[in-house]
Amino acid sequence: MFDKVLIANRGEIALRIHRACKDMGISTVAVHSTADSNAMHVRLADETVCIGPPAAVQSYLNAPAIISAAIVSGADAIHPGYGFLSENSQFAQMIEAHNLAFIGPSAEHISIMGDKVSAKKAVQDAGIPVVPGSDGAVESVEDGLAAAQQIGYPVIVKASGGGGGKGMKIAYTAEELRAAIPIAKSEAAVNFGNDVIYLEKYLQKPRHIEVQILADKFGSVVHLNERDCSLQRKHQKVLEEAPAPGLSEAERARIGKLCCDAVAKIGYHNAGTLEFLYEGGEFYFIEMNTRIQVEHPVTEMICGIDLVRESIRIAAGEAISFKQKNVRVNGHAIECRICAEHPETFVPSPGQIKSFHVPGGIGVRMDSALYAGYDVPPYYDSLAAKLIVHGSTREECLSRLRRALSELVIDGIDTTIPLHQALVENADIIAGEYDIHWLEKFVA
Ligand code: ADP
């Protein structure tokens, strides 16, 4: 097992990784920008290294500075968290080249899954159903029009190198598609440094359901059931739950097994998530995330398994500590992503936290790096806190979540707490009847 892990991230996920390491008796090294000198992940870590100025490109995206920090501090592994360099195959490669361990999959698998066209092909070849779409990349407007003719409108134009819900364009007619393709291509080049685009059938009422897997280096693969992340704004998740409302045991077992078989065939190792759109009783793969996800705690709450711990063990060459038959769905869990944003306009709201009170009691977990007096910097993602609640049933979970939200106090900045309070009172949410387009209409 590793003695010292460098955490190449900030905010709540840096704390989450720190906690898993300390629980395992591993010491931690925090890296930080000059804007984060007073951040909680820096305060709690055993050692800290300042890696650059506030701008992420000069600090949290600065691979040479991070790897140098690992070498200087004597860390033996680097955990990338999510975002920043977590899905950068070159970063993983550089780490291994310096005889350090990357806590994640191989650079090769990051690279295959990081390109959505190659990811779709890889999983399809391994037996996973994908969203109907163009056969690989769309090179020209004519190419796209011909593919859309086959698929049927509406279609969605997506960037192969895309992420973060950005760069997708919907076309209801050939005329709209003709206009969308050149714009999507040039935007993809600017935003993702890769102008490859492709088409998919635009599904009208799907749910977003994803399957968490863990795979070790000995070929064992397990799935930890699914999460429903359909409540999205601008293709970004806002509230997630596990298990997915309305999914039967048989469907859960079927998609879980398909994912495990495919992952084994591909030879992937470490934690990963296969994301699907689910409509009319069918699953359609959209992408695979090769890292720990923001919403992983809902899975931890229903399965009682520490996913970060398992990912560290796997990277250290250990076997997964349990078998598929030991994985149970125990009750229900919901996570609210609370952002430092205005609850109606969603304008980011950095600034000083005047008071901070965390809810408690049975089944309540708060993953956050906030504290009273902390200055939320304006340079990074607006995620401020994740409130995760568990109950023996979905009904109990919702009721407990209402109670927990009423106890939560974050004063001094705007937050999206009022949005979550409205969601947990809403009849559709209570009934579990919503799809990926529901929230856009709700906040419109
Ligand atoms: P990103 O990597 O940018 O997050 P994804 O491919 O994971 O992009 O898609 C993000 C979200 O966009 C999905 O959860 C879904 O809400 C929406 N989306 C993606 N593909 C489709 C599609 N074919 N039809 C309808 N909605 C889609």
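In which loop is Ser160 found? Ser160 sits in the loop between β6 (155–159) and β7 (169–171); helices (H or I, at least four residues) and strands (E, at least two) are DSSP runs, numbered from the N terminus. This is a predicted model, in which local features need pLDDT of at least 70, side-chain atom pairs count only at pLDDT 80 or more, and totals for chains, interfaces and linings use all residues. Residues are numbered from 1 along each chain as its sequence is written, and side-chain values use heavy atoms, with hydrogens and water left out.

**Around Ser160**
- Ser160 counts as buried, at 0% relative accessibility; buried means under 20% relative accessible area, exposed over 50%, and partly exposed in between (1.4 Å probe, protein chains only).
- Leaving aside residues up to four places away in sequence, Ser160 touches Gly114, Asp115, Lys116, Val117, Asn194, Val196, Ile197 and Tyr198, where contact means heavy atoms within 4.5 Å.

**The ligand**
- There are 21 residues around the ligand, and Lys116, Gly165, His208, Gln232 and Glu287 come nearest; a residue is near a molecule or strand if one of its heavy atoms lies within 4 Å of it.
- In the side chain of Glu287, an N or O atom is 2.6 Å from an oxygen atom of the ligand.
- For Glu275, an N or O atom of the side chain is 3.1 Å from an oxygen atom of the ligand.
- Glu200 has a polar side-chain atom 3.0 Å from a nitrogen atom of the ligand.

**Helix α12**
- Helix α12 (residues 394–407) has 14 residues and reaches 20 Å from its first C-alpha to its last, close to the 20 Å expected at 1.5 Å a residue; the expected span is 1.5 Å times one less than the number of residues.
- Arg394, Cys397, Leu398, Arg400, Leu401, Ala404 and Leu405 are buried in α12.
- Packing against the buried residues of α12 are several elements, including β11 (236–242), β14 (332–339) and α13 (417–423).

**Cysteines**
- The structure holds zero disulfides, a disulfide being a pair of cysteine sulfur atoms within 2.5 Å.
- Cys397 is in no disulfide, and its nearest cysteine sulfur, that of Cys336, is 8.9 Å away.
- Cys397 is buried, at 0% relative accessibility.

Conventions:
Polar contact = N/O pair within 3.5 Å; in protein donor to acceptor, adjacent residues only side chain to side chain.
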